[in-house]
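Dear colleague,

Please find below the structure that I am handing over to you. My notes on what was found in it follow directly after.

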Amino acid sequence: MELLVAASIGILTAVGVWLLLRLHSFPVIVGTIFLSYAVNLFLFAMGRLAIDQPPIVDPAVTAYTDPLPQALVLTAIVISFGMTALIVVLALRAFLETGTDRVDGGRDEPPTVADRAGERL
Amino acid sequence: MRLALIALLPLLGAMLPPLASRAGRDAVTAVAALVTLTALALLATSAPAVLRGEIVQDGTAWVPQLGLSFSFFLDGLGLFFAALILVIGLLVIVYARSYLGRDEPVGRFFAYLLLFQGAMLGIVISDNVLLLVVFWELTSLSSFLLIGWWHQAPEGRQGARMALVVTGGGGLLLMAGMLLLGHAAGSYELSEILLRGDVVRASPLYLPILLLVLGGAFTKSAQVPFHFWLPHAMAAPTPVSTYLHSATMVKAGVFLLARLWPVLAGTEAWFLIVTATGLVTMLVGAWIALFKTDLKAILAYSTVSHLGLMTMLLGFGTPIAAVACVFHVLNHATFKAALFMGAGIVDHETGTRDIRRLGGLAGLMPITATLTLIAAAAMAGVPLFNGFLSKEMMLEAAWHTRYADLAWPVPLLATLAALLSVAYSARYAIGVFLGRPRAALAHHPHDPPAGMWLPVAVLLVPVLLIGVAPALFAGDVVALAGQATIGTAALPGYHLALWHGVTPALIMSVAAFAGAALLYAGLGPLTRLHARLDRPDAKAAFDAVVAAVVRACRTTTRRLHTESLPRYLAIITGVVVLVGAAGFFGGTHAAGGRATLPVSLPAVVAFVLLATTSLAVPAVHGMRLLTLVLVSVVGLVVSLAFLQFSAPDLALTQITVEVVATILLLLALNLLPKRTPSETGTARTAGAAPTVRMLRDGAIAGAAGLGVAALAYAVMTRDFTPISDYHLAQSKPGGGGTNVVNVILVDFRGFDTFGEIIVLSIAALAIVALLDNALRGAAARRLDTLKRAVEAADPHPTVLVVVARALLPLALTVGIYIFFRGHNLPGGGFIAGLVVAIALMMQYMAAGFDWTAARRRFDAHALIGAGVLVAGLTGLGALAFGRPFLTSSYGYFHVPLIGEIELATAMLFDTGVFLAVVGTVVLSLARISLVERRAERGPPSRSAAVPGPDRATASRPAAAAAPVGREA
């Protein structure tokens, strides 16, 4: 199971980093979302994996998983959302202000017919 | 703190003149003078002890780890300089009152002047050398403000900048020198360092220390080759030139050399460097002064020359020369300040400072003429004026000095400088006041009001008294300050008197006068010859250097700052990957031995789902809506993973955040382009072809992914000792809840959570700020062009509207339930807040912005504020009971009918979290929908009497618009 989780974290990281390096704001935003998933899972995994041991105190139960990473990750998820919201709005405002959503200072060629067709998607 | 107050009083008092500026110029002047007088009185209270030969010390530690302390000490030298600064300061303040124009902000001027005064006093009474450097730089800064006083004029700005660059740069050298000095001496206190001269001179760091300290002193005291800033600083108003650039600030370098004389002087290096610099400066300054036509420029170069004289005397390294230097500091301060003030009067009355246009003013302004002639005689070193005495001492000391085993260079060049000094003094005095007027002046010049000439007269009193009876009027002062300068060495035998018999000094002096007479006679042809010589222009060189530095900075910045986010991120991630790789390949590594969990089929299915959707995203990310769908699937699998691995709270949070984030992205996508164009185009930074870039990014991303995966696997397969046993054990007895995660959030680590909701709130406010003015200007125009046909036939399907409205109370109930059970079971403020926010957002989606906004009876801003406030007050409540911030308490209460219930203050804290989360989400999303609406409907019609872009549309009656308006 650990291997699957580790692989998932790796895939999420790789996809996140790759998207982060794109030239337009939207993939960059999606990239940060992927990285958030990866980082949150990674932090969570620092408490090791455990099944059916939720940290809810019960006199009948003796084994609990580590609650501390969970508390940290819980706030991290919410903060990630705050950050995503902020950069989405930042990207939106930048697009409205400049008319382009490029983040490398370049300009796109005018959209082709195929691109226009995709507008409806 | 009496000693510290001497320096702090003017610094703090600098605030008073601007406050008094409404009361008029006289009140402002009185306030500034009063501050100076108070500091002078404070100094006087410490004076008796110093006169008895004691050293007054005072201060507190500041940053003891760095050797930095706020300590002061006052000995003869400090007292001498402090008294000079304050007395001349007082006279300058009186003078400036009449000098400055009626429409100039006098309050601000005196504020700057007092600021400088405090900084200068700080230099001369600092005990700690680092503190001295702080004050040193403060004088550079205040001098910058004062030189640039007339910042409308380019000379003012350029002169101020040049002075700041040169003296501020010198200050940096000095700081390095002082750090080394403190290191070498083993103490940063001057009073200690002065006793350890032998240690410092024997230290291998001696030469670097010497060079750095000299760098600071020479720049400040305008020694060649750093002398060029001083004439340009003459763009300052004359009171400033008088105070800073003749009497006090430029003497800071001389003061420093005198202060450190017992520590640094007496070596070969000191003698060679300091003597030569002083001698050359003395000559060069006097030579240039001879040909300048601007009165202040003549005086500026004369000041340079005299500063060179003082430096040279200190360079000799003999106690008698050091005493002569101190004496000359006093004499020069008096006559040169008087001369500057006199030049200011001439400028003020005639409107010009050009010596070629002036002449014969003696008949028109007799008082000014008399005063200036006396001061010029002192500058020339005429007997019966104080300048003569210190000049004689200088020549005497020069006579005995051999440089590089030669007896003649120093005496000869010193005599030559004295000769030039007589010549330019004569040219100054005769050219302005004697002879016939040379040009028609703008208005009839006459003597100024007493406020302007009285300070000059006061300054000339010591010039005459010391000149006639030096031992009586200056003997004690010179002995006191001289003894303090040379430290433990015995005060040499000397005799301050007019007549010493026919000494070498007298012969040199007579030779200088005779030579000057010849030179003055031949000045006309010489001036014409001088004008034809090609002279190096220091300002041009300085400007060229500055321009070159600016060019270099700009080139570097352009290289580094490419405005390309992908490039920056590629560099950052690339470096992280490389560092990780270096660590990985640099050490041993193997998987851990901890028993792994067995793989289950659902887990494999989930993994495959996650892997395929994730890996599909790079392939299809051009289609943004599809990308969003895939991201949601990934988020769902992540929530399931949390659920699987015993983290129900995380699963709940993740799934609710997922919903909110998706709505947010959909809203944004409605305005952003629907497709990501292929990455060609004319990227300004491009260089790499798209395919190459894809591969490069793929390599970075792949390496990062592999690394993180390996790291995660390595950690997960190793055993560890958690620190959370305490939390598990104390959750119920200490925090009053069984859901440990929630108890950690609201209790154990409540402070963290408090910070989190503040960050969240700030993010929401930043969003508001970003979108608030998006409905105006370029953004609004683009929104109008984006306006598109409504795509759905029915924007608000009835079924959705009905279901959403029916769901609202239900969802709110669920939210409240999740909130209340949070302390003991999965749930809590964060999750409840998100659930309630989703319920509200659903109304927006189903019924539209207007309908919902009109019915929303609360202000999201207030909600955020209330959340932070409730959480903060709960934390502060603990203080009221004498417990640390955010300590929670709980108790069980019996309520009739309902029975025993448990109430914890942590729950109140969680309420704050809840409110902040609801407010943040609702505010952010509602703001985006507001922008959205503009895109759908276009600008609000002009006929509506509703101002502002954030108000409801015109179609809505004003009454119904009011609740929306609250939001804005």
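Predicted model: local features only at pLDDT ≥ 70, side-chain atom pairs only at ≥ 80, totals over all residues.

**Confidence of the model**

Residues are numbered from 1 along each chain as its sequence is written, and chains are lettered from A and ligands numbered from 1 in the order in which they are written.

Within chain B, helix 10 (residues 206-220) has the highest confidence, at a mean of 96, and helix 40 (residues 958-967) the lowest, at 40. Helices (H or I, at least four residues) and strands (E, at least two) are DSSP runs, numbered from the N terminus. Over residues 942-968 of chain B the pLDDT is below 50. For the complex, the predictor gives an ipTM of 0.92 and a pTM of 0.69.

**Where the chains meet**

In all, 87 residues of chain A are in contact (C-beta atoms, placed from the backbone, within 7 Å) with 111 residues of chain B. Helix 3 of chain A provides the largest share of chain A's side, 24 residues.

**A hairpin in chain B**

Strand 1 (residues 56-63) and strand 2 (residues 68-74) of chain B run antiparallel and are joined by seven bridges; strands pair if DSSP finds at least two bridges between them. B:Ala61 has B:Ser69 in strand 2 as its bridge partner. Four residues lie between the strands of this hairpin, where B:Gly67 takes a positive phi near 75°.

With kind regards

Definitions and conventions
Contact = placed C-beta atoms within 7 Å. pLDDT = per-residue confidence, 0-100.
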